[in-house]
Amino acid sequence: MLPLELDLFQSLNASVDTPAGVVAAARWISQSLPLAMAAWLAAIVALGTGRQRRAVLSAFAGMALAWVGAQALRHGIQAPRPAQLGLGMQWIDHAARAGFPSLHAAGAFALAAAMSLGRMPWAAGVAWAAALAIAWSRVCLGVHFPSDVLAGALTGMLGAWAAHRAGMALDGFRTETIGSAALLQQGPLLPRVPAAECHESER
């Protein structure tokens, strides 16, 4: 671990001197905000426009890809969490499993990137603010190093981009298929005969 990251972790990790309100806010952001965001997305799916629903479905796909990518990295790297190294103070319970990258950050940043790619600026603003807050809370509570949340953010944004590109490719294929089906329904097009030739044939 680089000394710079350790210094950053120690500066962000809450200590006994940190105001109780800050720790409580970090706990709520880390544990309850993701559930609130999920309810918000469900409301968009239920009440939103078709474009908004497509953006949310793309976000779900991006979050799923980010989760798979983060799990693959965890399995391959097996980086310890701060508690496993005896560093910092932990303010919430968590399992002693690999922490690189952060799954919380991966999901949050996948959602934020998907809202931006889906051209929903108001939703993107909310999602980016939530993603940054979640990333901060995981380090503040001592369950992740800064590199964990940074890697999670990159994984999430990559998952959102991959899902967006796949959706665009699928839309293009669907449009091409529908166009081809419409041409087949019209039947073969007869060649157009110039008007002058029609007059000649009538004489």
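**Notes on the model**

1. W128 has a relative accessible area of 27%, and because buried means under 20% and exposed means over 50%, W128 counts as partly exposed. Please keep in mind throughout that this is a predicted model.

2. W128 has an aromatic partner. F109 and W128 form an edge-to-face pair, with 5.9 Å from centre to centre and 70° between the planes. The pair links distant parts of the chain, since F109 sits in helix α5 and W128 in helix α6, 19 residues apart. F109 has a relative accessibility of 8% and so counts as buried. A search of the whole structure finds 3 aromatic pairs.

3. Now for the overall layout. The protein chain has 8 helices and 0 strands, so read from the N terminus the order of elements is simply α-α-α-α-α-α-α-α. Of its 203 residues, 34% count as buried. Among contacts with a separation of 6 or more, 78% are between residues 24 or more positions apart.

4. Which residues have the most contacts inside the largest nonpolar core? They are L33, M37, W40, F109, L111, M115 and A127, in a core of 31 residues. Two or more residues come from each of α3 (33-47), α4 (50-77), α5 (103-117), α6 and α7 (146-186). Another core, of 7 residues, lies apart from it and includes A14, I92, L141 and V143. As background, nonpolar side chains in soluble globular proteins tend to be buried together.

5. Leaving aside residues up to four places away in sequence, L111 touches M37, L41, A59, M63 and A127. M37 and A127 are also listed, like L111, among the residues with the most contacts inside the largest core.

6. L8, L12, V22 and W136 make a nonpolar surface patch of about 290 Å². W136 belongs to helix α6 (residues 121-140) and, at 30% relative accessibility, counts as partly exposed.

7. Where is L6 placed? L6 is in helix α1 (residues 3-12), and its relative accessibility of 25% makes it partly exposed. L6 and P82 are 76 residues apart in sequence, while their C-alpha atoms are 9.9 Å apart in space.

8. Some backbone geometry is worth checking by eye. Most residues other than glycine have a negative phi, and most peptide bonds are trans. A cis peptide bond joins F100 and P101, with omega at about 0°; P101 lies in the loop between α4 and α5.

9. Two residues other than glycine have a positive phi to look at. Q78 has a phi of about 55° and is found in the loop between α4 and α5; with a relative accessible area of 52%, Q78 is exposed. For R119, phi is near 55°, and this residue lies in the loop between α5 and α6. R119 counts as exposed at 71% relative accessibility.

Conventions:
Residues numbered from 1 in each chain as written. Predicted model: local features only at pLDDT ≥ 70, side-chain atom pairs only at ≥ 80, totals over all residues. Heavy atoms only, no water. Helix = DSSP H or I, 4+ residues; strand = E, 2+ residues; numbered from the N terminus. Buried < 20%, exposed > 50% of the residue type's maximum accessible area, 1.4 Å probe, protein only. Contact = heavy atoms within 4.5 Å. Patch = residues over 30% accessible without salt bridge, like charges linked within 9 Å, V, L, I, M, F, W, Y side chains within 5 Å. Areas by Shrake-Rupley, 256 points an atom, 1.4 Å probe, with all protein chains shown as cover. Salt bridge = Lys/Arg side-chain N within 4 Å of Asp/Glu carboxyl O. Core = buried A, V, L, I, M, F, W, Y, C linked by side-chain atoms within 4.5 Å. Phe/Tyr/Trp six-rings, centres within 6.5 Å; stacked < 30°, edge-to-face > 60°.
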